[in-house]
Amino acid sequence: MIDAPVGDDPPRGTARIAQVPGPRPSNERQAATPSPHPWWRDAVIYQVYVRSFLDSTGDGIGDLAGVSAGLPYLKRLGVDGIWISPFYPSPQQDHGYDVADYCDVDPVYGDLACFDRLVSDAHRLGLKTLVDIVPNHCSSEHPWFRQALAEEPGGAFRSRFHFKQGRGEHGELPPNNWRAMFGGPAWTRVIEPDGTPGEWYLHLFTPEQPDLNWRDPAVEKHFETVLRFWLDRGIDGFRIDVAAGLFKHPDLPDSPDPEADERTRDSVNPLAWNQPEVHGVWRRWRAICEEYTAIDGRDRLLVGEVSVSTPAEQATYVRPDELHQAFFFHLLTAPWNANTFQRVIAEALRDIAGTGSTITWVLNNHDQVRAVTRYAAPTPTDDAALPDPGGARARAAALLMLALPGAAYVYQGEELGLPEVVDLPDDVLTDPIFRRTGSRQGIRDGCRIPLPWSGQASPFGFTAGDTAVQPWLPQPEWFANHTTERALADTGSFWHLYRDGLHLRRSLPQLGEGPLRWLESPPQVLAFVRGDGLVCAINFGDTSVPAPVDGIPLLASRDCPPATLPGNTAAWWICDQLTA
């Protein structure tokens, strides 16, 4: 196994991370009192895309043992826990989001013993562990679906999916006009056991990911068993994929805009997503988590990928008896503009925090173009004579996010300032969107490139042993400028900015949960006060403005001259008086 570079632990007193016991056998559980301040309310969680984090076996693919080896690095960074992308047995048509067995580990990533060691190692370092659960759909290789294909129409296993007779004289047309998010029709026709063309089944992503029918009681019963399987292994919660999915309109009618999901690569079709019945599932899952918390006092978390159009709609998912949190994607998708950032932050504070939950801020994830590249895109106000602003803006946005009330998620490589890899050749692309459409629009390979750890050439310390084994996606030569080894040595790097921000966030009482008060500021600037005198300001413009606070910032995303906030810069101050 290779060792990830970790360096020294942070100084005593700079981090407040609770120590968590390892998994306890169910027959040893004892009644306990839940914490009055659950850890998740202001936690910062690091998203681990297992396949691309660290390869301990030398096959070019990251694995669970590699995640364990990297935990000291994450401890030093200062995060509170990890969210692990799917590692279940899967044919990997969508890299684990096509699950063939929800209660095991794919051999390419290790086994259950590797998983148990990972959870134990994380808890020993005071890091929480969340696993990714995929309840909207499974793999076409899942035993249920294989059995459904083998049985006649109307069978018990077919009722666990959406099998329907086609339209047209001979059933040759799909049951409705829906299109799949990843391209093409949302229905595929099967060949029946007698060899004749038969029913169609629904798949809102790809044919290899058939949608489960949550109106069949067997589906919900199975997933409750899955939750308990992983909770019994000591995890601290779940990230829920497609949490606004699961239920479809019971009549599966035609959509007035059937291509909306395919066009936007998002869950837009109002007949396929955000159905009212889904809230009952989250209430029952919340009750299961609270059952475990009541036994041992360890708070469990349900955080949902809830893609809905407004913060008010998202708020309905985080009511006190439903999900604990839901990712707030409106900040991630906001263009680099002070008015837009202020509007989406204010809406979140009004609608989501009003439920009693805390907002879950995010700037990057495994499905989106990385912030460094996203913010580099020209805007009408950009000065063409200035250097590429993407890196400076991503640094500023990070300090803004870490100063906001609530929780935050950091996607692997974000702390290294990794840009998107936009020039991968067609023959290495693995995203099913490209396979289905031939288009690069919305493909996600460029943000999933294996991390660079050390050295000057690929595999940059990602792969153990034989350096001739290349990672599953090729790393560009310029990754040499972004290795963890180089970032740790450079006190001006993205990594040190994130580390300093995270440790201040844990040591300053003004940060984490609590109120936010906006300050008057120039048009291109946002400024607000947290708690008793912590000011955060971010300049979205390209030119410098007077700082809202006299004196040297406590932390800034780039050097700030006295009384000045440069363009594309954020800074924090502790103060008693604000400048006029």
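The legends below describe several close-up views of one predicted protein model.

**Conventions for all views.** In this predicted model, local features need pLDDT of at least 70 and side-chain atom pairs count only at pLDDT 80 or more, while totals for chains, interfaces and linings use all residues. Residues are numbered from 1 along each chain as its sequence is written, and side-chain values use heavy atoms, with hydrogens and water left out.

**View 1. Confidence along the chain.** The protein chain has an average pLDDT of 91, and 91% of the residues score at least 70, where pLDDT is the predictor's confidence in each residue, from 0 to 100. Over residues 5-29 the pLDDT stays under 50, and for this stretch the model has 50 contacts beyond four places in sequence, a contact being heavy atoms within 4.5 Å.

View 2. Searching the whole structure gives 33 aromatic pairs. The ring centres of Phe 87 and Tyr 88 are 4.9 Å apart and their planes are at 35°, so this pair is tilted; rings of Phe, Tyr and Trp (its six-membered ring) pair if their centres lie within 6.5 Å, and planes under 30 degrees apart count as stacked, over 60 as edge-to-face and the rest as tilted. Phe 87 counts as buried because its relative accessibility is 0%, and Tyr 88 is buried at 0% as well (buried means under 20% relative accessible area, exposed over 50%, partly exposed in between, with a 1.4 Å probe and protein chains only). Both residues belong to one aromatic cluster, whose members include Tyr 102, Phe 115, Trp 214 and Trp 285.

**View 3. Arginines over phenylalanine rings.** The charged end of Arg 158 is placed over the ring of Phe 163, at 4.7 Å from its centre, and Arg 160 lies over the face of Phe 157, 4.5 Å from the ring centre. A charge sits over a ring if NZ of Lys or CZ of Arg is within 6 Å of the ring centre and within 35 degrees of the ring normal.

**View 4. Helix 11.** Helix 11 covers residues 390-403, and its 14 residues reach 20 Å from the first C-alpha to the last, close to the 20 Å expected at 1.5 Å a residue; the expected span is 1.5 Å times one less than the number of residues. Helices (H or I, at least four residues) and strands (E, at least two) are DSSP runs, numbered from the N terminus. The helix is mostly covered, with 12 of its 14 residues buried, among them Arg 393, Arg 395 and Leu 400.

**View 5. A salt bridge between Arg 506 and Asp 42.** The side chains of Arg 506 and Asp 42 form a salt bridge at 4.0 Å, N to O. Arg 506 lies in helix 14 (residues 494-507) and Asp 42 in the segment before strand 1 (44-48), so the pair ties together parts that are 464 residues apart in sequence. A salt bridge is a side-chain nitrogen of Lys or Arg within 4 Å of a carboxyl oxygen of Asp or Glu. Arg 506 is buried at 9% relative accessible area, and Asp 42 is buried at 8%.

View 6. Arg 444 and Asp 431 meet through their side chains in a salt bridge of 2.8 Å, N to O. Arg 444 is buried at 6% relative accessibility, and Asp 431 is buried at 1%. Salt bridges that share partners join Asp 94, Asp 367, Asp 431, Arg 444 and Arg 448 into one network.
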